[in-house]
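Here is a short briefing to keep beside the viewer. Please have the sequence and the structure open as you read.

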Amino acid sequence: LKRFGVARCLAAVAAATLAVGACSSTTDSPGSGGSGSGGKHTIGVSFDLLNAIRQAEKSSIQKAADAAGYDVTFAVADQDAQKQASQIQDLIQTKKVDAVIVIAQDGQQIASSASLAKARNVPFLAIDRAVADQGNVTFQITGDPVADGKAVAEEFLAAAKTTPLKVLELVGGLTDQNAIGRRDGFNNALAGQPNITIAAQVPTDWNPTQALDGTSNALQKDPSINAIYVPSDFLLPSVQSALTAAGRLAPIGDPKHVFLVTIDGDQNGCKAMQAKTLDADIATPVDEFGKQSVAAITTALGGKPVTPKSVQAKGLTLNQANYATTSSQVWGCGS
Amino acid sequence: MLRREPLLPVLVVLLLGLAVSYHGFATVANVRNIAVQASPLIVAAVGMTYVIMTTGIDLSVGSMLFLAAAIETSRAVVGGPTAVVFAVVCAAGILMGLLNGVAVAFTRVPALIVTLATMQVFRGAGGHVTGQQNIDLPANLRGIGTASLLGVPVPVLIAAAVALGSGMVFSRTTFGRYVQAVGSSPDAARNAGLPVRGVLVGTYVLAGLLAAVASLTQTARLGAVQPSIGQGYELTVITAVVLGGTSLFGGRGSIGGTVLGALVLTTVQTGLVFSGASPYVFDIVRGSVLLVAVLAAGARWRSLARAMFVPNSRRELS
């Protein structure tokens, strides 16, 4: 019994250590807190997760904040909506930040955090992911997934003028509004086009392994597929691996080349553009997220109303024709 | 054979049905395609079979897969000779399994809770190692997932070796018999003087090692490490094991059944693409397969309960 007691104590200590570690390790606070003491204004930032695009978004906020003379306190919720709510509460009540920028893990649940911010008179801004109830949101800027899907379709339409396209369409998470918007924008723009056939629609759940297996299966089903719509750059390595296995990864101009267009504009996309295995990439305007949200904070802290309250920023089309002049504006091509 | 592996005729009927229905399904290239896709799942599911046989569960398998991949591409490891990199990844898998095993065997915290916690720990550690970035795998580490030996893809050879070796261990070694005994009745095994804790630790270590091996082949196929690798993979692995006839209540199961379970899941997935089904149908079918597997497991449990109950009733009547 004594032994089990010791083991339980050890387990409890280990669990508590892990919990404390998990909470503390995800908050990065270079600034010294809010401006309650009369110093610089501080922006509290809470992200749903941290990946390549989030790193770029973090940099864009930091850059814009530095230019405006604000400090930034940064936290990541590890895809946990409850954790994000606690972090935002901590930012507002304990760290007393002057404004909050969030990328919501859950667009519905974040409403309570926005409500808390409103009650404390702290401007609350949402970027990248839309918030369902915008009543207490000071400013929101997101991408425009439908417009991005349409921009991809325009690249397909231009290519289909010379060669009929048989398309494999990969779809992201079926419960993700970004994925659905990118799919609908693409499909609506291509409806009724005679030179383009959707040979297969394969769900990926934003999972690289499902993208790899789905692409391999589709190429087995129909080897005449000569175009693939990849709804995010982070699935591109999976698609390239499947094409390599099928002996179909070839540069533009090679008869074996499969016409590829993707969205996001990350390092994967830029590398593939340089290698001429990718035909076009619709780049998310990450810099605009940072610039416009920090500008909105300045307006709100100055006591003025922010207008418009909601902005949808279309992606920037990067293709082989404009690569030399446009790649410098794409976030993934600069690093 | 059919009595021991009832999933075999299901797989045969499924393959025949798809071959007849869809042009291009019954080709050597597609059989190879299915076998390669099923290989990492087979390897990870074999490890899970041992764990579930002891009435345990390992929810951290997907995160172990990710952390192993992250370690493989870490600066300290990736530049080494190929054999050393693979050995380090396997050692990392063993250590992760050891952590799970010790925590399960030496505390009374249920395996579900322990591995739920380590699932987050391993994924967080993997994210820390990779900085949540996509990292390309160098060419020398890709062969394990993309090369062939005598015309047979290397992942398939690895999966076959793991399945055969684990099957032998399961049926012909003392450890295998201990696993079955511990799963059937931990108290009886303890009273009989079996090293129950050692067996439990051994099963989790094996699961960790095989998750690392699965990671080597899977990451090599993908050609890159990505932060979402292995997310939700535990559900697929557990489905393959349960579908293959391993009881969630422990003590009964087979490696052959698990291999068939993994092959059925992969064939269904491939068949869905060949059928041109709506993307929404994919989730419905995947969920239905899991439901069928769990219901079948429940039915077997009820049969066992009935078998135990009936003789007692008869004794009372006589």
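The notes below go from the chains and their interface to single residues.

This is a predicted model, so please read each value as computed from predicted coordinates. In chain A, 54% of the 335 residues are buried. Chain A meets chain B through 40 of its residues, which are in contact with 36 residues of chain B.

**Chain A as a whole**

- Eleven helices and 13 strands make up the secondary structure of chain A.
- Taking contacts in chain A between residues at least 6 apart in sequence, 72% join residues at least 24 apart.

**Where chain A meets chain B**

- Together, chain A and chain B bury about 3100 Å² between them, with 51% of that area on carbon and sulfur atoms.
- The interface holds two salt bridges, and eleven residue pairs are in polar contact between chain A and chain B, both residues being at pLDDT 80 or more.
- On the side of chain A that touches chain B, the elements giving two or more residues are helix 1 (2-25), helix 2 (52-68), helix 6 (177-190), strand 8 (196-203), helix 7 (208-221), helix 8 (236-245) and helix 9 (267-274).
- Helix 7 of chain A gives the most to this side, with eleven residues.
- Sorted by class, the side of chain A that touches chain B has 18 nonpolar, 15 polar and seven charged residues.

**Salt bridges within the chains**

- Over all chains, the count comes to 14 salt bridges.
- Side chains of opposite charge can pair when their charged atoms come close.
- Arg182(A) and Asp264(A) form a salt bridge, with their closest N and O atoms 3.2 Å apart.
- This pair links distant parts of the chain, with Arg182(A) in helix 6 and Asp264(A) in strand 10 of chain A, 82 residues apart.
- Arg182(A) has a relative accessible area of 9%, so this residue is buried; Asp264(A), at 10% relative accessibility, counts as buried too.
- Glu57(A) and Arg54(A) form a salt bridge in which the closest N and O atoms are 3.0 Å apart.
- Both Glu57(A) and Arg54(A) lie in helix 2 of chain A, three residues apart, about one turn of the helix, and both are buried.
- In chain B, Asp187(B) pairs with Arg190(B) in a salt bridge, the closest N and O atoms being 3.1 Å apart.
- Asp187(B) and Arg190(B) are separated by about one helical turn, because they are three residues apart in helix 10 (residues 186-191) of chain B.
- Arg190(B) counts as partly exposed, at 47% relative accessibility.
- Salt bridges that share partners join Asp48(A), Arg54(A), Glu57(A), Asp128(A) and Arg129(A) into one network.

**Buried spots worth a visit**

- Thr262(A) sits in strand 10 (residues 259-264) of chain A and is buried, with a relative accessible area of 0%.
- A polar atom of the Thr262(A) side chain lies 3.1 Å from the backbone oxygen of Val230(A).
- Leaving aside residues up to four places away in sequence, Thr262(A) touches several residues, including Val152(A), Ser232(A), Leu278(A) and Ile282(A).
- In chain B, helix 12 (residues 233-243) is largely enclosed by the rest of the structure, because nine of its eleven residues are buried.
- Among the buried residues of helix 12 of chain B are Tyr233(B), Glu234(B), Val237(B) and Leu243(B).
- Helix 12 of chain B is followed by Gly245(B), which has a positive phi near 105 degrees.

**Backbone details**

- Thr307(A) and Pro308(A) are joined by a cis peptide bond, with omega about -10 degrees.
- Pro308(A) is in the loop between helix 10 (286-301) and strand 12 (310-313) of chain A.
- Trp206(A), a residue other than glycine, has a positive phi near 55 degrees.
- Trp206(A) lies in the loop between strand 8 and helix 7 of chain A and is buried, with a relative accessible area of 18%.
- Leu150(B) also has a positive phi, near 50 degrees.
- Leu150(B) is in the loop between strand 2 (148-149) and strand 3 (152-153) of chain B and is exposed, with a relative accessible area of 88%.

Methods: Residues are numbered from 1 along each chain as its sequence is written. Chains are lettered from A and ligands numbered from 1 in the order in which they are written. This is a predicted model: local features need pLDDT of at least 70, side-chain atom pairs count only at pLDDT 80 or more; totals for chains, interfaces and linings use all residues. Side-chain values use heavy atoms; hydrogens and water are left out. Contact means heavy atoms within 4.5 Å. Buried area is the accessible area (1.4 Å probe) that two parts lose on being put together, summed over both. A salt bridge is a side-chain nitrogen of Lys or Arg within 4 Å of a carboxyl oxygen of Asp or Glu. A polar contact is a pair of N or O atoms within 3.5 Å; within protein, one must be able to donate a hydrogen and the other to accept it, and residues adjacent in sequence count only if both atoms are side-chain atoms. Helices (H or I, at least four residues) and strands (E, at least two) are DSSP runs, numbered from the N terminus. Ala, Val, Leu, Ile, Met, Phe, Trp, Tyr, Cys and Pro count as nonpolar, Asp, Glu, Lys and Arg as charged, and the others, Gly among them, as polar. Buried means under 20% relative accessible area, exposed over 50%, partly exposed in between (1.4 Å probe, protein chains only).
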